[in-house]
Amino acid sequence: MEEVYKFLKEKTKVNFVATINGDKPSNRPFGDPILFDKKIYVLTNAKKNVAKQIQQNNNVCIVAYDETDDSWIRVNCKLIDDSNNVAAKKAIINEFDWAEEAGYTLDNPDFKALYMTNVYATIYDCEGNEIKKYTF
């Protein structure tokens, strides 16, 4: 899990999250994850389409590219809404100096904290060869 987290957090500039929008895929850039309570968390706003899509179908695919060594990662997982977890939300707020200014506050009901589960992640080289696989 830690290697997947480090790849998404430290090696890449942007992670792209794909969801299902009705019967079509939808993809968008996402910010850094955080590691809290042995889980990888992401955050979003309940009013965003991505949050609504995840609520309908929480199976997502995250892809990110590391330009320093020409490798990339694909993470297939479920995102679990853990927005009632105040400690997780505090950890997210503490991780990102911009969070509160952007409205991610403990009293904001639209602040969604989601963690990854049923993770199947693969890191590939630039030619598409598998380097490592992870499940957790």
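In this predicted model, the largest pocket holds about 170 Å³ of space. Thirteen residues line the pocket, and those closest to its centre are Phe-30, Gly-31, Leu-43, Lys-48 and Tyr-104. Strand E2 (24-30) and strand E4 each supply at least two residues of this lining. By class, the pocket lining divides into eight nonpolar, two polar and three charged residues.

The structure also holds one cavity of 30 Å³ or more. About 40 Å³ of space lies in the largest cavity. Its lining consists of Leu-8, Asn-15, Val-17, Phe-30, Gly-31, Pro-33, Val-42, Ile-62 and Met-116. Seven of these lining residues are nonpolar and two are polar, with no charged residue among them. Phe-30 and Gly-31 line the cavity, and both are also listed among the residues closest to the centre of the largest pocket.

The two spaces are set out below.

| Space | Volume | Lining by class |
|---|---|---|
| Largest pocket | about 170 Å³ | eight nonpolar, two polar, three charged |
| Largest cavity | about 40 Å³ | seven nonpolar, two polar, no charged |

Next comes the packing of the nonpolar side chains. The largest nonpolar core has 23 residues, and Ile-73, Val-75 and Met-116 have the most contacts inside it. At least two residues of this core come from each of helix H1 (2-11), strand E4 (39-45), helix H2 (49-56), strand E5 (59-66), strand E6 (71-81) and strand E7 (111-124). E7 gives the largest share, five residues.

Which residues is Met-116 in contact with, leaving aside its neighbours within four places in sequence? They are Leu-8, Ile-40, Val-42, Ile-62, Val-75, Cys-77, Lys-78 and Leu-79. Three of these residues, Leu-8, Val-42 and Ile-62, line the largest cavity together with Met-116. Val-75 is another of the core residues with the most contacts.

E7 and E8 form a hairpin with five residues between them, and Gly-128 in the turn has a positive phi of about 90 degrees.

Key. Residues numbered from 1 in each chain as written. Predicted model: local features only at pLDDT ≥ 70, side-chain atom pairs only at ≥ 80, totals over all residues. Heavy atoms only, no water. 1 Å grid on protein atoms, 1.4 Å probe; cavity = no way out; pocket = protein on both sides within 12 Å on 5 of 7 lines; lining within 4 Å. Points joined across faces, edges and corners; volume = space filled by probe spheres on them. Nonpolar A, V, L, I, M, F, W, Y, C, P; charged D, E, K, R; others polar. Core = buried A, V, L, I, M, F, W, Y, C linked by side-chain atoms within 4.5 Å. Buried < 20%, exposed > 50% of the residue type's maximum accessible area, 1.4 Å probe, protein only. Helix = DSSP H or I, 4+ residues; strand = E, 2+ residues; numbered from the N terminus. Contact = heavy atoms within 4.5 Å. Pairing = 2+ DSSP bridges.
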